[in-house]
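Subject: Structure handover

Hello,

Here is the structure I said I would pass on. My notes on what was found in it follow below.

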Amino acid sequence: MTHLIQLLSRRGRTAVGTVAAFALVAVAMVNITGRAQETETASDALKVSVVYDNYLVESGLGTGWGYAAVVEFRGQTILFDTGADGPTLMANLRAFGFDPQTIEAVVLSHAHGDHTLGLDSLLATGVRPKVYVLPSFPADFKRHVAETVEVIEVEPGQVVGDGLFTTGEMTGPVNEQALVVESARGLVIVTGCAHPGIVDIVSQAKSIDDKNVHLVTGGFHLVRTSADRIAEIVAEFRRLGVERAAPSHCSGDAAIDLFREEYGDDFVQSGVGRVFEIPG
């Protein structure tokens with residue numbers, strides 16, 4: 001079924017809440033193979049929707065340097081990261097048809113603003129999710145968020161829902177955590193920037209739950225990495241049994257191209273508007 005995409009111009013061109021409040025907005029739902037598809041997913045099916053990124057898959061959505069994705073799994077709705085600005089995040093959530101009140105938890109990968117600054121706009125809607133942060137997050141950030149919602153400092157293998165856990169805080173140039181989903185086809189790992197190293201993040205996830213890794217997506221932090229090192233990382237993905245790869249955000253064009261070349265049909269171009277659907 002062909003989807004309509006009639007996305008309103010934003011950021012000063014059209015006032016959200018006037019004309020936008022009466023418009024029908026639809027986003028093309030693209031499954032992991034890249035084919036547009038309308039699917040009524042089962043309760044244990046997985047859907048990951050990229051709602052903030054500097055790469056764009058569907059025209060008309062807002063972009064910005066940063067990352068955020070909505071994870072729907074077993075009746076749960078989790079927001080992983082919140083992008084760099086609230087207006088873009090909220091406009092994209094509306095375009096996807098997400099009601100912010102359904103978000104039960106927010107997992108923040110690390111303390112950089114391009115992954116956290118959209119949080120205040122989300123909370124301003126009145127939604128009260130649990131917010132999962134690293135113990136090393138700045139104390140003033142944690143105090144500020146705790147004035148509104150429950151803040152949970154994660155441990156390794158932190159459970160955030162049924163079939164959902166994080167790697168816990170991993171040490172790197174910037175400390176970070178990734179979200180891991182126990183999908184029917186294997187682990188799905190969603191990363192913010194992978195500052196501790198994308199290979200180490202995959203290894204950490206497997207050390208917690210030694211299932212096959214079906215998909216790794218998000219920022220791989222390879223934008224300033226040499227081609228030789230990227231090739232080694234791609235080889236490590238194969239050694240670890242990663243079945244599908246979808247780098248975006250801070251991964252860089254060179255890394256994206258090398259993953260595309262190596263993974264072929266199992267590579268997925270990611271960015272704002274991409275929806276990964278994995279059946280239950």
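A polar contact here is a pair of N or O atoms within 3.5 Å; within protein, one must be able to donate a hydrogen and the other to accept it, and residues adjacent in sequence count only if both atoms are side-chain atoms. The model is predicted, so local features need pLDDT of at least 70 and side-chain atom pairs count only at pLDDT 80 or more, while totals for chains, interfaces and linings use all residues. Residues are numbered from 1 along each chain as its sequence is written, and side-chain values use heavy atoms, with hydrogens and water left out.

Trp 65

With that definition in hand, the side chain of Trp 65 makes a polar contact with the side chain of Asp 114, at 3.2 Å. Trp 65 sits in the loop between β1 (46-52) and β2 (68-73). Helices (H or I, at least four residues) and strands (E, at least two) are DSSP runs, numbered from the N terminus.

Leaving aside neighbours within four places in sequence, Trp 65 is in contact (heavy atoms within 4.5 Å) with Tyr 52, Asn 54, Ala 84, Asp 114, His 249 and Cys 250. Its C-alpha is also 7.6 Å from that of Gly 83, 18 residues away in sequence.

The seven-stranded sheet

β1 and β2 belong to an open sheet of seven strands with mixed pairing, in the order β6-β5-β4-β3-β2-β1-β13. Two strands pair if DSSP finds at least two bridges between them. The edges are β6 (151-153) and β13 (275-278); each has a single partner strand, so one side of each is left without a neighbour in the sheet. From one strand to the next the twist averages 20 degrees. Axes are lines fitted to C-alpha atoms, for helices over the stretch in contact, and angles run from 0 to 180 degrees between N-to-C directions.

β1 and β2 are antiparallel and share six bridges; Lys 47 has Glu 72 as its bridge partner in β2. Helix α1 (residues 86-96) lies across β1, β2 and β13, at about 140 degrees to β1. Helix α4 (residues 139-146) also packs on the sheet, where it touches β5 (130-133) and β6 and makes about 140 degrees with the direction of β6.

The six-stranded sheet

A further open sheet, again with mixed pairing, has six strands in the order β7-β8-β9-β10-β11-β12. Its edge strands are β7 (159-161) and β12, each pairing on one side only. Strands β8 (residues 164-166) and β9 (residues 179-183) run antiparallel and are joined by three bridges, with Val 180 in β9 as the bridge partner of Phe 165.

Strand β11 (residues 213-219) runs parallel to β12, and five bridges join them. Gly 218 has Pro 247 as its bridge partner in β12. The chain gets from β11 to β12 through α6, and this β-α-β crossover is right-handed: with the strands pointing away from the viewer, the path from the first strand over the helix to the second runs clockwise.

How many residues of β12 (residues 244-248) are buried? Five of the five are, so the strand is largely enclosed by the rest of the structure. Arg 244, Ala 246 and Ser 248 are buried on one side, and Ala 245 and Pro 247 on the other.

Salt bridges

The structure holds 11 salt bridges, each being a side-chain nitrogen of Lys or Arg within 4 Å of a carboxyl oxygen of Asp or Glu. One of them joins Glu 236 and Arg 239 at 2.8 Å, N to O. These two are three residues apart in helix α6 (residues 227-239), so about one helical turn separates them. Glu 236 is partly exposed at 25%, and Arg 239 is exposed at 55%.

Arg 238 forms a salt bridge with Glu 262, with the closest N and O atoms 2.9 Å apart. Arg 238 is in helix α6 and Glu 262 in helix α7 (residues 253-263), so this pair ties together parts that are 24 residues apart in sequence.

Asp 209 and Lys 211 meet in a salt bridge at 3.0 Å, N to O. Asp 209 is buried at 11% relative accessible area, whereas Lys 211 is partly exposed at 36%. Together with Glu 182 they are linked in a network of salt bridges.

Regards

Definitions and conventions. Buried < 20%, exposed > 50% of the residue type's maximum accessible area, 1.4 Å probe, protein only.
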